[in-house]
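Please examine the structure shown here alongside its sequence.

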Amino acid sequence: MKLSQPYSSNSTFEGELAIAGVTARNLANEFGTPLFVIDEDDFHQRAGAWRDALIRHFGNHAGTVYYAGKSFLNKEVARWINQVGIGFDVCSGGELAVARSVNFPATNIELHGNNKSESEIREAIEYGVGTIVMDSFFEIERVARIAAELGKIQKVYLRLTAGVEAHTHEFISTAHEDQKFGFSIASGSAWKAVEATSAHASLRLAGFHSHIGSQIFIAEGFEVAAARLIELLAKYRDHFDAQLPELDLGGGYGIAYLPGESGLDPDEVLASISAVVKRECEKHSLTIPTISIEPGRHIVGPTTTTIYAVGTTKSVELDGGESRRYIAVDGGMSDNIRPSLYGAEYTALLANRLSESAPVNSRIVGKHCESGDIVIRQIELPGDIAPGDLLAVPATGAYGRSMASNYNHIPRPAVVAVKAGKARLITRRESINDLLALDI
Ligand SMILES: *Cc1c(COP(=O)(O)O)cnc(C)c1O
């Protein structure tokens, strides 16, 4: 049986879970647990879907799909991104180093971050990154000076806050945003940033950027933000008698985490954004700018499943005669901080066998010294789950391994790519020796 969302697209269950034809048991035996398993064809297909949808809806005005590297990054994924022919959004020297290590084409890289260091800026400009997205007045001066020292003219965007804050099923439209990112349009600092940037011969302002949130399911937030950026493009045109050619509308496209949910469709959301961009540009008599986007979660999240081994179970009496079974797995908040950080919800299945046992009220917890170390707060799972069983948690590709920590000196898990019945290691498991090697 083929499993549907939130499982990766090549996941099946024939008495046990297999991903791209490799069973959970074989994966656990060969690579150990906890393990991140990434469905390679699914990754290519999802990244390609954004590339194709952007071209379909914006035609000549299609800019670049930048994969947000912070969602999950290693060298192999950077190679895949390049094979798909899309760009790369990095926001630190470390992420840039991954891109450089696989010779990722510099012009397809965009550098983000609200506090880029001098050396990060220098490395980026030396490497020749296509775009630096600037986030503060200090940074405008810093990037301008370093580009001048290196004898380069750097293409830049300004990161703007458009007064739109989007969440999963709602968006809030306010004038001001109380957050660390960007220049606010409403307060006038966005315009001051335009003037400050334009004063530097070593900077070429190409356009504006906005990123309104994450795990968003409604297009209206993107549409309102786009309209406000376009209004500022018109102001720029009126003032400088020239048009800025580019806009970047950021990422944040929502995915399915639980059974019955489905992710945003790239075609649908880009169709509605495209309609708004055309309408607003017409309203201001502007040429349509090239539109770029930065999906992270939507590309990698659904491609990856975490496989855990069960270590213990324990039944706890609740008030009212109910009971809850705690199932402890061999990872937890060190490989998936999202449940404790955001109250994020996941689903899980018994991966190594079919159970006829009746489902019982269960909570999946990790092995860390925190009572908040919870993978899934409430789930019905077969009553006979026991030590040695494997649990699979789907849709852990985004902000799982990339936010992993060494809390309790737990080495971070390996990442394995599966494709057409074959599995290969793409990031090895950290060892205790890796951790000990840091101490003097
Ligand atoms: C985090 C982030 C993204 C990606 O967000 P997703 O929710 O993973 O799509 C894109 N752009 C910027 C600037 C970000 O900070």
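Arg353 is partly exposed, with a relative accessible area of 24%, in a model that is predicted. Its partner in a salt bridge is Asp389, and the closest N and O atoms of the two are 2.8 Å apart. This pair connects distant parts of the chain, 36 residues apart: Arg353 sits in the loop between strand E18 (349-350) and strand E19 (359-365), while Asp389 sits in the loop between strand E20 (374-382) and strand E21 (390-394). Is Asp389 buried or exposed? Its relative accessible area is 5%, and because the limit for a buried residue is under 20%, Asp389 counts as buried.

The general idea behind such pairs is simple. Side chains of opposite charge can pair when their charged atoms come close. In the whole structure, a search finds 19 salt bridges.

Another of these salt bridges joins the side chains of Glu40 and Arg424, at 3.1 Å from N to O. Glu40 is buried, at 9% relative accessible area, whereas Arg424 is partly exposed, at 35% relative accessibility. Both residues also belong to a network of salt bridges that links Glu40, Glu76, Arg79 and Arg424.

A further salt bridge is formed by Arg145 and Glu118, whose closest N and O atoms are 2.6 Å apart. Here two helices are involved: Arg145 lies in helix H6 (residues 137-149) and Glu118 in helix H5 (residues 118-127), and the two residues are 27 residues apart. Arg145 is partly exposed at 37% relative accessibility, and Glu118 is partly exposed as well, with a relative accessible area of 35%.

Consider next a residue in a strand. Thr131 lies in strand E8 (residues 131-134) and is buried, with a relative accessible area of 0%. Which residues is Thr131 in contact with, leaving aside its neighbours within four places in sequence? They are Tyr66, Ile109, Glu110, Leu111, Gln154, Lys155, Val156 and Tyr157. With one of these, Lys155, the side chain of Thr131 makes a polar contact of 3.4 Å.

Strands may also be followed as members of a sheet. Strands of a sheet pair through backbone hydrogen bonds, either parallel or antiparallel. In this model, 3 strands form an open sheet in the order E1-E2-E3, with antiparallel pairing. Strand E1 (11-13) and strand E3 (22-23) stand at the edges with a single partner strand each, so one side of each is left without a neighbour in the sheet. Strand E2 (residues 17-19) is joined to E3 by 2 bridges, and Ala18 stands opposite Thr23 in E3.

Finally, the protein may be viewed as domains. It is divided into domain 1 (10-39 + 303-436) and domain 2 (112-295), whose C-alpha centres lie 37 Å apart. Their contact takes 5 residues from domain 1 and 4 residues from domain 2. Between them the domains bury about 510 Å², of which 61% is on carbon and sulfur atoms. Glu345, Thr347 and Ala395 supply 63% of the area that domain 1 buries against domain 2, more than any other three residues. How many salt bridges are found across the interface of domain 1 and domain 2? The number is 0, and the count of residue pairs in polar contact between domain 1 and domain 2 is 1.

Key
Residues are numbered from 1 along each chain as its sequence is written. This is a predicted model: local features need pLDDT of at least 70, side-chain atom pairs count only at pLDDT 80 or more; totals for chains, interfaces and linings use all residues. Side-chain values use heavy atoms; hydrogens and water are left out. A salt bridge is a side-chain nitrogen of Lys or Arg within 4 Å of a carboxyl oxygen of Asp or Glu. Buried means under 20% relative accessible area, exposed over 50%, partly exposed in between (1.4 Å probe, protein chains only). Helices (H or I, at least four residues) and strands (E, at least two) are DSSP runs, numbered from the N terminus. A polar contact is a pair of N or O atoms within 3.5 Å; within protein, one must be able to donate a hydrogen and the other to accept it, and residues adjacent in sequence count only if both atoms are side-chain atoms. Contact means heavy atoms within 4.5 Å. Two strands pair if DSSP finds at least two bridges between them. Domain bounds come from an automatic or database domain assignment. Buried area is the accessible area (1.4 Å probe) that two parts lose on being put together, summed over both.
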